[in-house]
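I opened this entry to keep track of what I looked up, one topic at a time. The sequence and the structure come first, and my notes follow.

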Amino acid sequence: MVELGVGTGRIAIPTALAGVQVIGVDSSAGMLAVCAERAREAGVEERLDLRLGDLRRPPVDERVPLVTCPFRSYLHLRDDAERLEALGAAHELLQPGGRLVFDVFTPSRKDIEATHGRWIEREPGIDERADWDLEAQTLTLSVRGRARESTMTLWWVEPERWHSLLAEAGFEVLACYGWFDRRPFEGGEDSVWIAGRA
């Protein structure tokens, strides 16, 4: 299995604990270090092969039955050219019959109205601010804690566009769910996609 955007290992480590070999790719050396430490603590470091790289050009030559891109990592891609590059890279990693699983969101008007331009406490000592641009379809997300502050921009597209991009990249959409519990997608904010290598 290849996990693109491995982060701190919240998916990779439980997968390795289940006995699966995982190649984890992330563009952040710091995140890879956190994941490696957590893998050592869990006793699964031998099942994780962590690599520094970009999800558009992952440093992986192996072919695998499953590629995952969790935690809305594809929303870091700025435009369709980058999305197609990333989807094409995932397609190339898959064995015939392999699957790609990823999650993304499309914001609701209600969420935008409730959060736009406001600092909201998400956890004790951690505030988050969402600045939405409906025309550019961007979310500029700022997070601040006691000692640090960070900002990132995410780009979303409508579910119909994800469907088209997947087809263009050589995938067949096998399922689109409204959440990880496999509830049907009925036009909500979150979507979880399962696509097969066509």
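Before listing any partners, I noted the rule for pairing: two strands count as paired if DSSP finds at least two bridges between them. I also noted that the model is a predicted one.

**Entry 1: the sheet of four strands**

I started with the open sheet whose 4 strands come in the order S6-S7-S8-S9, with antiparallel pairing. I looked up its edges and found strand S6 (119-123) and strand S9 (149-155), each of which pairs on one side only. From one strand to the next the twist averages 30°.

I then went through the pairs in turn. S6 and strand S7, residues 126-133, are antiparallel and share 4 bridges. Here I picked out Glu 123, whose bridge partner in S7 is Ile 126.

S7 is joined to strand S8, residues 138-144, by 7 bridges, and the two run antiparallel. Asp 127 stands opposite Arg 144 in S8. S7 and S8 make a hairpin with 4 residues between them, and in that turn Gln 137 has a positive phi of about 55°.

For S8 and S9 I again noted an antiparallel run, joined by 7 bridges. Leu 139 has Leu 154 in S9 as its bridge partner. This pair of strands also forms a hairpin, with 4 residues between S8 and S9.

**Entry 2: the sheet of seven strands**

Next I looked up the open sheet of 7 strands, which has the order S3-S2-S1-S4-S5-S11-S10 and mixed pairing. Strand S3 (48-52) and S10 are at its edges with a single partner strand each, so one side of each has no neighbour in the sheet. The twist in this sheet averages 20° from one strand to the next.

I checked one pair in detail. Strand S2, residues 22-26, runs parallel to S3, and 5 bridges join them. Val 25 has Arg 51 in S3 as its bridge partner.

**Entry 3: helices on the sheet**

H3 lies across strand S1 (2-4), strand S4 (64-69), S5, S10 and S11, and runs at about 145° to S5. H5 lies across S5, S10 and S11, at about 15° to S11.

Which residues of H5 are buried? In this helix, residues 159-168, they are Pro 159, Trp 162, Leu 165 and Leu 166. Seen down the axis of H5, the buried residues fall within an arc of 115°, so they line one face of the helix. On the other side of H5, Glu 160 and Glu 168 are exposed.

I then asked what the buried residues of H5 pack against. The list is helix H3 (80-93), strand S5 (94-105), strand S10 (171-177) and strand S11 (190-197). After H5 comes Gly 170, which has a positive phi, near 95°.

**Entry 4: nonpolar cores**

Last, I looked up the cores. The largest nonpolar core has 36 residues, and those touching the most other members are Val 67, Tyr 74, Leu 87, Leu 100, Phe 102, Trp 162 and Phe 171. S5 gives the largest share of this core, 5 residues.

Leaving aside neighbours within four places in sequence, Phe 102 is in contact with Cys 69, Tyr 74, Trp 162, Leu 166, Ser 191, Val 192 and Trp 193.

A second, separate core has 11 residues, including Ala 12, Ala 16, Leu 32 and Leu 48. As a general remark, nonpolar side chains tend to be buried together in soluble globular proteins.

How values were computed:
Residues numbered from 1 in each chain as written. Predicted model: local features only at pLDDT ≥ 70, side-chain atom pairs only at ≥ 80, totals over all residues. Heavy atoms only, no water. Axes fitted to C-alpha atoms, helices over the stretch in contact; angles between N-to-C directions. Buried < 20%, exposed > 50% of the residue type's maximum accessible area, 1.4 Å probe, protein only. Arc of directions from axis to C-beta. Contact = heavy atoms within 4.5 Å. Core = buried A, V, L, I, M, F, W, Y, C linked by side-chain atoms within 4.5 Å.
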